[in-house]
Amino acid sequence: MSLLIGSHVSISKGLLGAAKTAFSYNANTFMIYTGAPQNTRRKPIEDMKIEEGKLYMKEHDIKDIVVHAPYLINLASYKEEIYNLAQSFLTTEIKRTEAIGSNYLVIHPGSYTTKDINYGINRIAEGLNNVLAKTTQPFICLETMAGKGSEVGKSFEELQMIIEKVELNEKIGVCFDTCHTHDSGYDIINNFDNTIKEFDDIIGLNRLKVFHINGSLNDIGSRKDRHANIGADISNKRGKDYIGLNALYNIVHHPVCDNKPLILETPWIDKTTNLYKEEIAMLRGIK
């Protein structure tokens, strides 16, 4: 089995800096935002040291990297200014993802706020139909969501309802987030095989492109979406991981994860300390 595992890393020093950071964690893949996830400010693509980064990745066997779209993209919004921004900025992010050379652009489907789930699903599909073109290269990966508030994507059925309404849906994939899926009510601790079978029955494993590997600070079905460090217990300041190392280890070594980018988004303990290198080693099974 080929374990392709890494974490979110900063793009502040360009693709080269991101690749070097990932390598320092003993990662062989990674995920980036092409700029700050909370706003639209972006460095010109020519200033992002892309070719140098690609060369470094080739030399250090880092591959199949992932781009995450910013949080402000809300394709389910009923407000025209927000909806139009979501479509135009997603178009820009697709172009930047192509320039970086990633095959995957992960996106939160969106939040319908004061409308309803059917409105949100139809609105998201409409936005994707407006944005996608036959020339679009990366898979747009809809992320499984925890179900907090009015967000769309808390169930495999909701994601499939979006997918079936997208005309060019061969360009749509799914990003499976362990924290979100657990928080939305799927038992990935004791019944991951059954969860994956359900995913296959409803959506199809051919669409499963990326995993986010996160612990959860809450019990199953909480719909909270609060990531925990992997295997953390209640006695330390990181807070308890209700999924746990054993379950996450079993997930990343499951055949469905073979050769797929497995990306950690676990919290930093403080402003200077992150545990990505330690957590990657634990998931690899390195003592």
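Which residues are linked in a network of salt bridges? They are R42, E93 and R96, a salt bridge being a side-chain nitrogen of Lys or Arg within 4 Å of a carboxyl oxygen of Asp or Glu. The model is a predicted one, in which local features need pLDDT of at least 70 and side-chain atom pairs count only at pLDDT 80 or more, while totals for chains, interfaces and linings use all residues. Residues are numbered from 1 along each chain as its sequence is written, and side-chain values use heavy atoms, with hydrogens and water left out.

**Overall fold**

The protein chain contains nine helices and ten strands, taken as DSSP runs numbered from the N terminus (helices H or I, at least four residues; strands E, at least two). Its radius of gyration is 18 Å, close to the 19 Å that the globule rule gives for 287 residues, so the chain is as compact as a globular protein of that length; the radius is taken over C-alpha atoms, and the rule is 2.2 Å times the number of residues to the power 0.38. Along the principal axes, the C-alpha atoms fill a box of roughly 50 × 45 × 35 Å.

Of the 287 residues in the protein chain, 55% are buried, where buried means under 20% relative accessible area, exposed over 50%, and partly exposed in between (1.4 Å probe, protein chains only). Among contacts between residues at least 6 apart in sequence, 76% join residues at least 24 apart, a contact meaning heavy atoms within 4.5 Å. The protein chain exposes about 12600 Å², and carbon and sulfur atoms supply 48% of that area, which comes from the Shrake-Rupley method with a 1.4 Å probe.

**Charges and salt bridges**

There are 33 positive and 36 negative side chains in the protein chain, with the centres of the two sets 5 Å apart; Lys and Arg count as positive and Asp and Glu as negative, while His and the chain ends are not counted. The place of a charge is taken as NZ of Lys, CZ of Arg, CG of Asp or CD of Glu. A search of the whole structure finds eight salt bridges, among them the following pairs.

| Pair | N to O distance |
|---|---|
| E80 and R123 | 2.8 Å |
| K148 and E151 | 3.2 Å |
| K148 and D225 | 3.3 Å |

K148 is partly exposed at 37% relative accessibility, whereas E151 is buried at 9%.

R207, found in the loop between α7 (192–202) and β7 (208–213), is buried yet has no salt bridge, and the nearest side chain of opposite charge, E170, is 7.0 Å away. Leaving aside residues up to four places away in sequence, R207 touches I163, N169, E170, I172, G173 and V174.

**Backbone at two loop residues**

Most residues other than glycine have a negative phi. N26, in the loop between α1 (14–24) and β2 (29–32), has a positive phi near 60° and is partly exposed at 49% relative accessibility. T113, in the loop between β4 (104–107) and α4, has a positive phi near 50° and is partly exposed, with a relative accessible area of 42%.
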